[in-house]
Amino acid sequence: MAYATQAVAMVGRWLPAAHRDGSDLEARAQLMLGAHLAGQALTISGLGLVHGIGHALTAHTGTPHGVALAAVLEEVLEFSAPAAGEAYEQTARALRLAPPADGDWARAAIDAVREVSGALGIKQPLRDLGVSPHLLRPIAAGALADAVTKNAPRQPTEEQILGILEAVY
């Protein structure tokens with residue numbers, strides 16, 4: 001968990017700066033270290049539903065992996081929140097968010113991710129990524145069958161994955 005927490009802190013801080021100014025070598029170096037730590041964390045913990053959907057989306061449309069992940073990340077965070085409260089609190093704290101008045105750390109973390117994603121302009125609807133309505137169910141089935149989906153904190157059904165896909169269509 002230490003790798004993941006440090007990765008979130010570094011990426012949360014340095015990604016917006018590197019995006020704003022690609023010539024900022026400090027931001028780029030810190031972001032690269034954060035990305036490395038994220039890779040270490042993923043190697044230890046495995047991937048999850050975001051990647052399961054991302055793999056299926058890329059397989060069906062050729063969408064670049066990072067773009068595919070960004071398309072569904074917020075919705076998967078929402079889906080997983082009931083089973084990952086402690087992880088979301090650690091994420092929010094790593095992002096140095098103020099304690100939420102209502103104690104809803106998951107909401108604070110998801111909103112922070114949404115804010116960063118919005119600033120980067122990376123999130124796109126699935127229809128803009130070449131997904132036609134008839135591909136939604138095959139993508140959902142592919143995501144469910146992907147071994148990495150078994151690492152998700154909350155195990156989805158194919159219908160739940162389909163609901164996520166429809167929400168971002």
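Predicted model: local features only at pLDDT ≥ 70, side-chain atom pairs only at ≥ 80, totals over all residues.
The lining of the largest pocket divides into 36 nonpolar, 13 polar and 1 charged residues; here Ala, Val, Leu, Ile, Met, Phe, Trp, Tyr, Cys and Pro count as nonpolar, Asp, Glu, Lys and Arg as charged, and the others, Gly among them, as polar. Residues are numbered from 1 along each chain as its sequence is written, and side-chain values use heavy atoms, with hydrogens and water left out.

The largest pocket holds about 1,800 Å³ of space. Of its 50 lining residues, those closest to the centre are Val8, Leu42, His51, Leu73 and Leu77. By pocket I mean an open set of points on a 1 Å grid over the protein atoms alone, where a 1.4 Å probe fits, with protein on both sides within 12 Å along at least five of seven lines; lining residues have an atom within 4 Å of a point. A volume is the space filled by probe spheres set on the points, which are joined across faces, edges and corners.

Which helix gives the most to this lining of the largest pocket? H1 does, with 9 residues. Helices are DSSP runs of H or I, at least four residues, numbered from the N terminus.

The second largest pocket has a volume of about 310 Å³. Closest to its centre, among 16 lining residues, are Gly12, Arg13, Leu95, Leu97 and Val116. H1 and H6 are the elements that give two or more residues to this lining. By class, the lining of the second largest pocket has 11 nonpolar, 1 polar and 4 charged residues.

The largest nonpolar core has 26 residues, and Leu49, Ile53, Val72, Leu126 and Leu165 touch the most other members. Such a core is a set of buried Ala, Val, Leu, Ile, Met, Phe, Trp, Tyr and Cys residues joined through side-chain atoms within 4.5 Å, and buried means under 20% relative accessible area, with a 1.4 Å probe and protein chains only. H4 supplies the largest share of this core, 7 residues.

Finally, in H7, Leu136, Ile139, Ala140 and Ala143 are buried. Seen down the axis of H7, its buried residues fall within an arc of 100 degrees, so they line one face of the helix; the arc is that of the directions from the helix axis to the C-beta atoms.

Methods: Buried < 20%, exposed > 50% of the residue type's maximum accessible area, 1.4 Å probe, protein only.
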